Amino acid sequence: MSEKKISLAHGAGGRQTAELIHEVFREHFSNPEFTADDAAVLDVGGAKIAMSTDGFIVSPYSFNGGNIGKLSICGTVNDLACMGAKPLYLTCSFIIEEGFPFDELEKIAASMEKTAKEAGVRIVAGDTKVAGKGQVDHVFITTTGIGRLTEGVSTSGAFAKPGDVVLVTGDVGRHGCTILLAREDLGIEADIKSDCAPLWGTVESMIAATKDIHVIRDATRGGVGTVLYEIAAESNVGVRLNSEAIPVDPAVRGVCGMLGLDPLYLANEGTLVVIAPKEQAGVLLETLKKGKYSANAAIIGEITESMPGKVIVTTEIGAETMLPEPGGELLPRIC
């Protein structure tokens, strides 16, 4: 019998990632606070906080719209925001390859400083390790964040209910497409910029309009499609999407058409999936349309009782098809 080994697909955020978490990490780390959500909600001396950690190994480390430093701040800030928590403090850990240029490291640190300031968080501690040449690809960063939970807000992937609407706060697939074009010699010229952005302001505006929101998820690895499959499984509901309502940048749509990719499975770093009661759809969409990073927000579907655990897409001609379940590694090292 051959020994089971880790593959790139185990880091893609799809089925193999879920299996890895269930078979290894949940098996050994399980406790009442262990969560499948973007951040853990904890009671510390009567105060409710959220805590999250994330590692970043994006290749290339600099891309149109940001770099690994900006990404590391946005990723953790956004995970806290998804729980309705105002991000307060971050720690960061650097693993740097021997020979990495000082100037490039300073650009990364400057980007982190700028993004943290915009997000309203302070970087309060960290760690630095230098690995031998070839042991690390340039630089890897891990950030951990703590935020204060907003009173009256309770979100989770397990809270979606039939009749809820599904919104996205922006167009989909832009970060993954940006990384693809930056990495591969495809001979494709397209003006596509990553949507990488800190989104606490977006969430804060939504919960100021209504706290009646069931799910907020950061659609990073695996994209919107993977996130919706996760929510469908956690809440034991079905999801029905309207393909015509899904916002996709024309350049992203063109690249995906040429390469046979589905934008729903490309990563985002500035787009959230939001699920809320139908009665709140209007106020949420109106609020999002006014936001700095959410002008392209849209209602893209609904939660159903039928087909629990599945995502169904209504096509332009009115036909219904099942969105393929996420699996394999579409594009490694996108965050």
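Seven strands build an open sheet of mixed pairing, in the order β9-β11-β8-β12-β10-β13-β14. Its edge strands, β9 (215-218) and β14 (320-322), each pair on one side only. Neighbouring strands in the sheet are turned by 25° against each other on average, direction ignored. Axes here are lines fitted to C-alpha atoms, for helices over the stretch in contact, and angles run from 0 to 180 degrees between N-to-C directions. Strands are DSSP runs of E with at least two residues, numbered from the N terminus. Two of them pair if DSSP finds at least two bridges between them.

This is a predicted model: local features need pLDDT of at least 70, side-chain atom pairs count only at pLDDT 80 or more, and totals for chains, interfaces and linings use all residues. Residues are numbered from 1 along each chain as its sequence is written, and side-chain values use heavy atoms, leaving out hydrogens and water.

Within the sheet, β10 and β12 run antiparallel and are joined by four bridges. Val239 stands opposite Ile303 in β12.

| Strand | Residues |
|---|---|
| β10 | 238-242 |
| β12 | 298-304 |

Now to Asp137. This residue lies in the loop between β6 (122-131) and β7 (139-149). Asp137 counts as partly exposed because its relative accessibility is 29%; that class lies between buried (under 20%) and exposed (over 50%), with a 1.4 Å probe and protein chains only. Leaving aside residues up to four places away in sequence, Asp137 touches Ser59, Glu97 and Arg333. Contact means heavy atoms within 4.5 Å. His10 is 127 residues from Asp137 in sequence and 19 Å away in space, C-alpha to C-alpha.
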